[in-house]
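The following exercises concern one protein structure. Please work through each task before reading its solution.

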Amino acid sequence: MKKCFLPILFIISVMSSCSQTGQKRAENVITVEIDGASKIMFSDIFDRVDYVPLETTDSSLVGIVERLRIFGDKLCLLCDKSLMLFDKQTGHSYLQISKQGNAPGEYQSLYDAFVDEKADRIEILDMNGRKIQKYDMRGVFLRTLELPSMPFSFMNCGKGDYWLYDNNMISGAVKAKLVHFNADQNKIINEYFPIDTDLAKYFFVVEGNNFVNRGNDILYFSCPSNKIYSLNKGLSPTIAYTIDFGTHAVPGEFYKRKFSDIMEFSTKANKKGYVYFVNNFSANQENVLLSFLLNQDPFWSIYSTHNGVTRTGYILQDDLNSLNSFHLRDLNTLFAMDKNNLYFLISAEQFIEMCGENNKFSKMLHDNNMNDQSNPLLVKCRFRKKTFL
């Protein structure tokens, strides 16, 4: 049976909009403009692109991917209520944790994860259980961390320091989207962005990512917002970037209307061409990548902090490897960055279409016995030292 790799990144599919190629704007403003060409050439951004097939075995079959994380040399996928680890350099399967249930050491739901190989620790966020389950790198259960709310994602900053994202769900005494939590003291340090109870009645989406650790700071984003915030230790969140969708931005008054549910809201917003749902974001010191939808087509928008240029498209062209261009699909919106590279997933079926008559990659397909039933590939794109020169 053919496997499905479409990511479950949100509760309801929503439509959004896009941006332009090569326009320099005000500092720290990510300007998104629609351009009919809408193609991103890899050679304009990267100097090397590698494709790593993920090992396909009976014990490492990748199904519906919900979230992607990169931790050191490990690729972490959350899919089918399981956590799967692969070596990001070789694609070899490392570990699978699948312990859904209510017994000690099990989880009711799997929403996010954190991996620290040096500390021999894996953390799994159980939103429904209001806890984080901790395991060693062999998947052996260690202990449970009880949480003060029901977060949909989290960031572990070390030494018991956690950031929790609560979406629009008020749980107990916690009535804010963002919570700074000291696990060692079992104490909430602070709460930010109070939940709008009227908005919460109809606006409920789950982003692919809410936190990015850039080493010297942590970035935070959630919808609906046109701001990406910096979470510097000991300080209140400060605006790091503003996203400008121009005529496609949602007017503030639109959120104040009475909608019965997210379906009614999205239908009316889509008719007006509003961009209200950025379904994923990632960043390093020199680049910020957003993904969103326009007429059900996924788009990327890549912003260079080096020169303030934004490039957007729904078609990607790996001209560095002389591969066919391809339209972005939902799976391609699963991505992450480290200091030098962008990582994203591509299905085996999509990759086979890209290879065409390319002898080098046709041999790669043969050597790895790849077909459209195989696991997806991890695409590793190394950024140019100075982007968009």
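**Exercise 1.** Determine in which strand L142 is found, and whether L142 counts as buried, partly exposed or exposed.

*Solution.* The model is a predicted one. L142 lies in strand 12, which covers residues 141–146. The next step is its relative accessibility, which is 40%. Buried means under 20% and exposed means over 50%, so L142 counts as partly exposed. Leaving aside residues up to four places away in sequence, L142 touches D120, K134, Y135 and D136. N321 is 179 residues from L142 in sequence, and their C-alpha atoms are 45 Å apart.

**Exercise 2.** State the order of the strands in the open sheet of 4 strands, and identify which strands stand at the edges.

*Solution.* The order is 13-14-15-16, with antiparallel pairing. Strand 13 (153–156) and strand 16 each have a single partner strand, so each is an edge strand with one side left without a neighbour in the sheet. From one strand to the next, the twist averages 15 degrees.

**Exercise 3.** Describe how strand 15 pairs with strand 14 and with strand 16.

*Solution.* Begin with strand 14 (residues 161–165), which pairs with strand 15 over 5 bridges in the antiparallel sense. Within this pairing, L164 has V179 of strand 15 as its bridge partner. Turn next to strand 16 (residues 187–194): 6 bridges join this strand to strand 15 (residues 176–182), and the two run antiparallel. Here L178 has Y192 in strand 16 as its bridge partner. Finally, consider the connection: strands 15 and 16 form a hairpin with 4 residues between them. In the turn, N186 has a positive phi of about 50 degrees.

How values were computed. Residues are numbered from 1 along each chain as its sequence is written. This is a predicted model: local features need pLDDT of at least 70, side-chain atom pairs count only at pLDDT 80 or more; totals for chains, interfaces and linings use all residues. Side-chain values use heavy atoms; hydrogens and water are left out. Two strands pair if DSSP finds at least two bridges between them. Buried means under 20% relative accessible area, exposed over 50%, partly exposed in between (1.4 Å probe, protein chains only). Contact means heavy atoms within 4.5 Å. Axes are lines fitted to C-alpha atoms, for helices over the stretch in contact, and angles run from 0 to 180 degrees between N-to-C directions.
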